[in-house]
Amino acid sequence: MTSTQTATITKDITVNAPIDEAFRVFTARFGDFKPREHNLLGAAITETVFEPKVGGHIVDRAEDGSECRWARILAYEPPSRVVFSWDIGPTWQLEQDPHNTSEVEVRFTADGPTRTRVELEHRHLDRHGTGWEGVRDGVDGDGGWPLYLQRYAGLLA
């Protein structure tokens, strides 16, 4: 995995799955690798749903019935690419203004018939305004995208 110290971070991993399966697992099973403790709700998360369409959301649902729509699906191009917003600001609260959100692009490239290279780019982090470096450090750190990608790869092992 690689990273830069700018308003963009990049991570990559190669998984043991054909490209169609790698894409399907990333989107359909997003809640199986997203840590449940990454929670903006007042109750425990029961599921995280990735709505597979442009205009959809990534939604956390809690045991008390509350929901948190913390990302918007901006591009959905199976099996090669998905882009979603990161609507969580420097105080780790929802950001309502889309101009103050960053973007996550995930690209899937076949590496032979049974392996797929997955490249994640989290960009425009500086759009979060004052304190954006904390968002960058959080998603770049061990509990951020590296953890998500390791857990994702584990689902395909």
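Me: Why does Phe-108 count as buried?

Reply: The model is predicted, with local features requiring pLDDT of at least 70 and side-chain atom pairs pLDDT 80 or more, while totals for chains, interfaces and linings use all residues. Residues are numbered from 1 along each chain as its sequence is written, and side-chain values use heavy atoms, without hydrogens and water. Buried means under 20% relative accessible area, exposed over 50% and partly exposed in between, for a 1.4 Å probe and protein chains only. Phe-108 has 3% relative accessibility, so it is buried.

Me: What makes Phe-26 buried or exposed?

Reply: Its relative accessible area is 0%, so Phe-26 is buried.

Me: Why is the pair of Phe-26 and Phe-108 called edge-to-face?

Reply: Rings of Phe, Tyr and Trp (its six-membered ring) pair if their centres lie within 6.5 Å; planes under 30 degrees apart are stacked, over 60 edge-to-face, and the rest tilted. Here the centres are 5.8 Å apart and the planes stand at 75°, so the pair is edge-to-face. The whole structure holds 18 aromatic pairs.

Me: Which residues touch the most other members of the largest nonpolar core?

Reply: Such a core is a set of buried Ala, Val, Leu, Ile, Met, Phe, Trp, Tyr and Cys residues joined through side-chain atoms within 4.5 Å. Among its 40 residues, Phe-26, Phe-84, Val-106, Phe-108, Trp-145 and Tyr-152 touch the most other members. Helix H4 (residues 145-156) gives the largest share, six residues; helices are DSSP runs of H or I, at least four residues, and strands are runs of E, at least two, numbered from the N terminus.
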